[in-house]
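Let's take a walk through this model, one piece at a time. Keep the sequence and the 3D view open side by side as you read.

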Amino acid sequence: MPKLVIVTGSDSNMFYLAKGLILSLRRVLPLHDAELAFFDLGCTPRELAWLEARTDKLLRLKDDFNIANMQGFQPYRLGQACRALLPKYLPGYSSYMWMDADVWVQDPTVMKQFTDPAEKNLTAIVPECDVAYAFLREPGAALQFHRYKLHQWTASYGEDDARKYALLPIFNNGVFAMGAQSPIWSLWERNMALSLQRGLTALFDQLSLQKSLLEAGGLHALPSRANWMSHYTQPYRRVEDGVWVEPRSSGQPIGIVHLIAAVRRETYLRRGMLYDDGDYLSPEEVPENLREAFLAGRRRPVIGEGPGT
């Protein structure tokens, strides 16, 4: 069995992004003795057939934490809860790497930044912090950002933990890697269950992992370009080669582009920020409310389009 499994998942609404992630991993999997697993959170039969041909394992999730009857539940929430249980769903691997459906790999070399620490049973993850992010430069954005964190920590764990942790950057678990023998897995599961006793909060998966790392150690923090949070500040695109880079004059190429936040997706599509400029998609595969933005952002015409069509 391969040492590493890369795991993602989506429903049909996010499949147009998940498809880009999976295609961007084609150059990665052979380099890392890795398999690809996908959690079906509500894909169509046609999408599942596409996945069958391109993934090693296709799984359905159980309601492990009994969240289906909680206020605010949607099936995608199972994709948040399952992250603490990856070794239970996929036993036998030495390392696990989760990647949200709304990310894609631009630079395959970034993967070793995650997988090498995971092999030492550290947790490789990116804190949401960069000098280019708006909340470090704009007072209004900073106030909104810190209020949001304080609210989420309070809702998940109460005022005492909120006072301890809310001023720290959030560790974004949209991309992370961890070794199978890490003690964080069991602590994360317990902390997730503890958070869910208070209800289904927006960041219950993320803050429960962060709380576990802050309590037990084992954090291996990576630079922001390893998982660029595009909703804080969008990257620049180099004119000469089309590579997405950090938004500064000396910006380095971004390893993983994270198209986070549904309210920003129209802007991302208009800027052509999908994997391979979106060439892997037909307009019909994009949600109807985003198709005009998708077509506006393409650098090359859709097959069959052109002058006079």
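Start at Asp 276, which is partly exposed because its relative accessible area is 39%; buried means under 20%, exposed over 50% and partly exposed in between, using a 1.4 Å probe and protein chains only. Before going further, a word on what you're looking at. This is a predicted model, numbered from 1 along each chain as its sequence is written. Local features need pLDDT of at least 70, side-chain atom pairs count only at pLDDT 80 or more, totals for chains, interfaces and linings use all residues, and side-chain values use heavy atoms, with hydrogens and water left out.

Back to Asp 276: its phi is near 55°, a positive value in a residue other than glycine. You'll find Asp 276 in the loop between H10 and helix H11 (291–297). Helices here are DSSP runs of H or I with at least four residues, strands are runs of E with at least two, and both are numbered from the N terminus. Asp 33 also has a positive phi, near 50°, and isn't a glycine either. Asp 33 sits in the loop between H1 and S2, and it is partly exposed, with a relative accessible area of 40%.

That brings us to H1 itself, residues 15–24. This helix is mostly covered, with 10 of its 10 residues buried. Among them are Phe 15, Tyr 16 and Leu 17, but also Lys 19 and Ser 24. What do the buried residues of H1 pack against? Their neighbours are strand S1 (4–10), strand S2 (34–40), helix H2 (45–52), strand S4 (95–99), S5 and helix H10 (265–270), with contact meaning heavy atoms within 4.5 Å.

Follow S5 (103–105) next. An open sheet of 3 strands runs in the order S5-S12-S9, with mixed pairing; two strands pair if DSSP finds at least two bridges between them. S5 and strand S9 (228–229) are the edge strands, each pairing on one side only. S5 and strand S12 (residues 256–258) run antiparallel and are joined by 3 bridges, and Val 105 has Ile 256 as its bridge partner in S12.

Now look for strand S6, residues 123–127. Since 5 of its 5 residues are buried, S6 is largely enclosed by the rest of the structure. In a regular strand the side chains alternate between the two faces of the sheet. In S6 both faces are covered: Thr 123, Ile 125 and Pro 127 are buried on one side, Ala 124 and Val 126 on the other. S6 runs antiparallel to strand S7 (residues 171–179), with 5 bridges joining them, and Val 126 is partnered with Asn 172.

Last stop: helices H8 (residues 184–196) and H9 (residues 204–216). Their axes come within 8 Å and cross at roughly 130°; axes are lines fitted to C-alpha atoms, for helices over the stretch in contact, and angles run from 0 to 180 degrees between N-to-C directions. H8 and H9 are therefore oblique to each other, given that angles under 35 degrees count as roughly parallel, over 145 as roughly antiparallel, 65 to 115 as roughly perpendicular and the rest as oblique. Residues meeting at this contact include Trp 188 and Met 192 in H8, and Phe 204 and Leu 209 in H9.
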